[in-house]
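Hi there,

Here is the structure I promised to pass on to you. Have a look at it first, and then read my notes below.

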Protein chains: 2
Amino acid sequence: MAILNVSPRLVEQVYEALLSEIIEGALPPNTRLIQDDLATAYGVSRQPVQQALLLLRNHGLVQDAPGRGLIVSPLDVDFVRNLYEVRAVLEGLAARMAAQHNPRRAAMEGPPLIEAGRAAVESGSVTQEIAADMAFHSFLYQASGNPLIRETVAQHWHYLRRVMGEVLRDDEKIPGSIWDEHAAILDAIIAGDGDRAEGLGLLHIARAANIFVARLQAHHDASVEDLQRRHVRRTKRE
Amino acid sequence: MAILNVSPRLVEQVYEALLSEIIEGALPPNTRLIQDDLATAYGVSRQPVQQALLLLRNHGLVQDAPGRGLIVSPLDVDFVRNLYEVRAVLEGLAARMAAQHNPRRAAMEGPPLIEAGRAAVESGSVTQEIAADMAFHSFLYQASGNPLIRETVAQHWHYLRRVMGEVLRDDEKIPGSIWDEHAAILDAIIAGDGDRAEGLGLLHIARAANIFVARLQAHHDASVEDLQRRHVRRTKRE
DNA sequence: TATATGAATTCTGTATTCGGAGTGCAAACA
DNA sequence: TGTTTGCACTCCGAATACAGAATTCATATA
């Protein structure tokens with residue numbers, strides 16, 4: 001991924017670079033992160049690297065590994081479940097607020113996003129699907145009129161993208177029905193029906209949670225099984 | 001203020017020190033923060049100060065003031081309103097989850113907290129009231145079984161404490177009725193009634209929001225008026 | 001007297017250097 | 001052969017040093 005923010009601040013550039021490498025899986029969970037190595041890899045001094053790592057640690061994407069510096073945090077299934085639980089209520093809140101404050105705007109800007117989403121599904125590109133999904137939800141947060149919702153969810157989004165990446169890397173696609181759900185939420189917002197919008201928003205995220213958590217769990221189980229198999233092989237050999 | 005966390009990490013010590021100075025109002029909004037000055041004041045080098053400021057900026061407590069470094073973020077009334085909006089749904093979620101997963105534990109540990117809260121109100125000490133309130137809500141988050149709720153709210157808590165400090169510094173007390181509301185939430189949780197618990201939790205925070213936002217607005221208006229009066233005086237003199 | 005231009009100052013961001021804590025390996029001993 | 005002790009190495013946090021950008025103040029000019 002290209003570095004979009006061309007700020008002269010090395011800290012931010014390193015932060016963005018590390019963030020996308022983690023999200024996209026180039027740096028898999030439990031990878032050790034050595035300041036010196038990163039510094040030479042990015043062609044900067046250790047100082048900005050250290051600060052970028054401080055921020056990542058603060059956001060939970062990397063964690064202390066006492067005695068051996070920092071490692072990329074593993075994707076804990078329980079954690080992801082909790083994440084979706086929180087995001088669901090935030091999504092509900094956003095939908096309710098959008099219905100209360102911006103039904104007109106939703107009527108204007110919403111439908112094209114749904115169209116774009118359906119087109120992305122047709123195209124079969126997972127990347128495009130994810131982008132369209134993000135665009136729709138971002139719009140929702142914006143229309144809620146409460147910038148804090150977007151900021152809070154943004155923190156979570158890093159993890160969700162990691163999960164999506166992990167799950168979709170070799171799995172089949174996202175079910176296209178999510179765009180029916182999006183359309184239903186949008187309808188409720190345009191109708192100004194806050195209660196219904198909230199309920200549908202909540203439900204939508206709860207469904208997504210079920211799908212992704214189940215798949216992540218399956219992945220996790222598979223990798224554990226794999227480890228066990230290897231272990232058996234090695235034990236046999238000895 | 002004493003440094004409680006005796007971690008050998010200077011960054012954290014400086015962070016904590018700055019945080020409490022901001023929360024308690026020792027560093028009022030719009031105060032300029034100069035790395036060098038802070039470093040000599042705390043008796044450390046600029047390095048840990050810079051990192052602590054980076055974290056504070058990331059949390060929104062300080063912000064860039066282009067060309068003149070960093071300043072303490074002003075307490076924006078709209079922002080606080082949004083904060084309470086988000087916290088309300090999180091509080092509702094916490095109450096619902098606690099009712100679903102930990103009614104027994106709530107029955108054990110809840111009542112003493114209510115007692116302590118009522119005692120704090122009797123004592124008339126604002127500090128104790130705030131502590132008791134925080135204890136009750138912390139318990140709720142813990143009982144929800146979702147650690148993310150606590151973490152997310154913790155981020156917000158800094159601001160809420162600033163608001164409380166600002167409002168309660170010279171104002172009258174918090175209404176004692178909040179402990180009736182707490183008791184009602186607890187009842188619903190013990191009864192295992194998730195819906196009722198959620199509704200009451202939401203309502204409780206919404207009420208608190210009304211009180212504090214209104215008072216903060218009043219403060220703000222008063223200070224604006226004050227500025228205008230001064231301006232008039234100065235204009236007359238000229 | 002108001003405005004523009006230049007230098008000095010201030011402050012930040014980055015690089016480099018220093019000291020110390022922890023780990024892992026190896027050798028010695030039981 | 002298993003355990004323990006000591007040493008070397010790795011790596012991090014903090015201090016110091018350096019360079020550049022922005023502001024402010026003073027001076028000169030219209």
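The surface near DNA strand D is made up of six nonpolar, six polar and four charged residues. Please keep in mind that this is a predicted model. Of the 16 residues around DNA strand D, the ones that come nearest are A:Gln35, A:Gly69, B:Leu10, B:Ser45 and B:Gly67. H3(B) provides the largest share, with three residues.

Next, have a look at chain A. Its domain assignment gives domain 1 (10–72) and domain 2 (77–224). Between the C-alpha centres of these two domains of chain A there are 28 Å. Where they meet, seven residues of domain 1 of chain A are in contact with seven residues of domain 2 of chain A. On the domain 1 side of that contact, four residues are nonpolar, two are polar and one is charged.

Is H4(B) largely enclosed or largely open? Of its 25 residues, 19 are buried, so H4(B) is largely enclosed by the rest of the structure.

Enjoy exploring, and write back with any questions!

Best wishes

Note on methods: Residues are numbered from 1 along each chain as its sequence is written. Chains are lettered from A and ligands numbered from 1 in the order in which they are written. This is a predicted model: local features need pLDDT of at least 70, side-chain atom pairs count only at pLDDT 80 or more; totals for chains, interfaces and linings use all residues. Domain bounds come from an automatic or database domain assignment. Two residues are in contact if their C-beta atoms, placed from the backbone, lie within 7 Å. Ala, Val, Leu, Ile, Met, Phe, Trp, Tyr, Cys and Pro count as nonpolar, Asp, Glu, Lys and Arg as charged, and the others, Gly among them, as polar. A residue is near a molecule or strand if its C-beta atom, placed from the backbone, lies within 6 Å of it. Helices (H or I, at least four residues) and strands (E, at least two) are DSSP runs, numbered from the N terminus. A residue is buried if 20 or more other C-beta atoms lie within 10 Å of its own, exposed if 12 or fewer, and partly exposed in between; C-beta atoms are placed from the backbone.
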